[in-house]
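Visitor: Could you show me how to read some features of a model, one at a time? I would like the general idea each time, then the case at hand.

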Amino acid sequence: MEPSLAARALSAATEITTTALSGDDPGAVLGSVVRHAVELADADLGLIMVRADDGSVTIEAAHGSAAETDLLGLSLPAESAAGRVAGGGEPVVADDVTNDPRTSRFVPPELRSYGPFAAAPFGTGGRLLGVLTVYRARTREVFSESTVDVLTAFAGQAGVVLALADGANARHRITLYQERERIARELHDVIVQRLYAAGMQLDRVRRRMRKRFAGADGARLGEAIDQLDQTIEEIRGTVRALRSPDPQPHDVAPQAIDFAESARAEVRIAGELLGFPPTLELSGELADIPPESADHMRAALREALSNVVRHSGASETRVIVQRDAEGVRLRVRDNGCGVPQDVARRGLRHLAERAERAGGKFFVNSSPSMGTLVAFELPL
């Protein structure tokens, strides 16, 4: 191997390692790899093909051809020379890619203007990602043995570096996702709960002291309550965004929610506002509810209890949460006057929409003589 060529290969590998580990876009790193390969092999075209589960290879990066953008996405079968090399075969060198029996059957029209050809595994052993191929124009000399040796060593090292960098980036994404989930939970379970309690307290004060308020003061208090409700909805939107990072790590499941604790907290707040503790009945395994389902259930419980506090005048309230093989069910029943016809039912409509999106069920039975029953069910 020529000392100068080996030194250039080492320098190129070092540059690629630095770029890959810096967290740059993998596509840009592939472009850098194939560009260095073309320079090291003194080739006219270089391609990186990534291996699929079925053994076929697809061109993910190209350098050196005026039509290189036309090559991206082009696939070759597993039995092609590139496919065999990507599957763990030995490097392949051909004097003419269109005439050699090992390669000629699988040369696409876009590559038929080339002659000398070499293919080396991209990565090594258990970290084999695909194949690195280089081409020269028909009029040029074939690739020498030393050039192929350098290309093979470079392709192996670059592939391993890219695989290791991808693993490091995945771990970073996992850590970031877990931190986003922690922030989302704190926002939802602490901040929203406090705002909700404050809004309910203000509404309670407004209803009890309505006659003593001047019209303007009562209106301002109503506006403050509406702003609190709007803030809660905005925080919920932020929570949903935090829990849906893009891209989301596919190898980390969102942490399950202990809905029993959430239910106890919501019932405790309602009890403080009602002046009596609602009855809470829990059954089934509630400690591993998926976060999205728990969010829907919590919204349903909160809206149902909010209606009890604001409108019912109830002396008894009963909350039932059940989990079984089919899903999780919520029932909130009170002995109050029902939901008045002139009261805005926006919150109840939102719960109906939630249930529909999640494939669940929602219904309300309300009358002045029988009180109100709110039911919310989700499949799990």
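Visitor: Which residues are exposed on the other side of α9?

Guide: Exposed means over 50% relative accessible area, buried under 20%, and partly exposed in between, with a 1.4 Å probe and protein chains only. By that scale E356 and R357 are the exposed ones on the other side of α9. Before we go on: this is a predicted model, where local features need pLDDT of at least 70, side-chain atom pairs count only at pLDDT 80 or more, and totals for chains, interfaces and linings use all residues. Residues are numbered from 1 along each chain as its sequence is written, and side-chain values use heavy atoms, with hydrogens and water left out.

Visitor: Which residues of α9 are buried?

Guide: In α9 they are G347, L348, L351, R354 and A355. They lie on the same side of α9, because they cover an arc of only 115° around the axis; the arc is taken from the directions from the helix axis to the C-beta atoms.

Visitor: How many helices and strands does the protein chain have?

Guide: Helices (H or I, at least four residues) and strands (E, at least two) are DSSP runs, numbered from the N terminus. The protein chain has 9 helices and 11 strands. Of its 380 residues, 45% are buried.

Visitor: In what order do the 6 strands of the open sheet run?

Guide: Two strands pair if DSSP finds at least two bridges between them. Here the order is β3-β2-β1-β6-β5-β4, with antiparallel pairing. The edge strands, each pairing on one side only, are β3 (75–76) and β4 (92–94). Inside the sheet, β1 (residues 45–51) and β2 (residues 57–63) pair in the antiparallel sense over 6 bridges; I48 has A61 in β2 as its bridge partner.

Visitor: How many aromatic pairs are there?

Guide: A pair of aromatic rings is described by the distance of the centres and the angle of the planes. Rings of Phe, Tyr and Trp (its six-membered ring) pair if their centres lie within 6.5 Å; planes under 30 degrees apart count as stacked, over 60 as edge-to-face and the rest as tilted. By this rule the count is 3. One of them is the tilted pair of Y114 and Y135, at 5.7 Å centre to centre and 55° between the planes. Y114 sits in β5 (residues 114–122) and Y135 in β6 (residues 130–137), so this pair ties together parts that are 21 residues apart in sequence. Y114 counts as buried at 10% relative accessibility, and Y135 at 3%. F117 and Y135 make another tilted pair, 5.2 Å centre to centre with 55° between the planes. Again β5 and β6 are joined, so parts 18 residues apart in sequence are tied together. Y114, F117 and Y135 form one aromatic cluster.

Visitor: Is G159 buried or exposed?

Guide: G159, in helix α5 (residues 145–208), counts as buried at 0% relative accessibility. Contact means heavy atoms within 4.5 Å. Leaving aside neighbours within four places in sequence, G159 is in contact with F122, G123 and L129.
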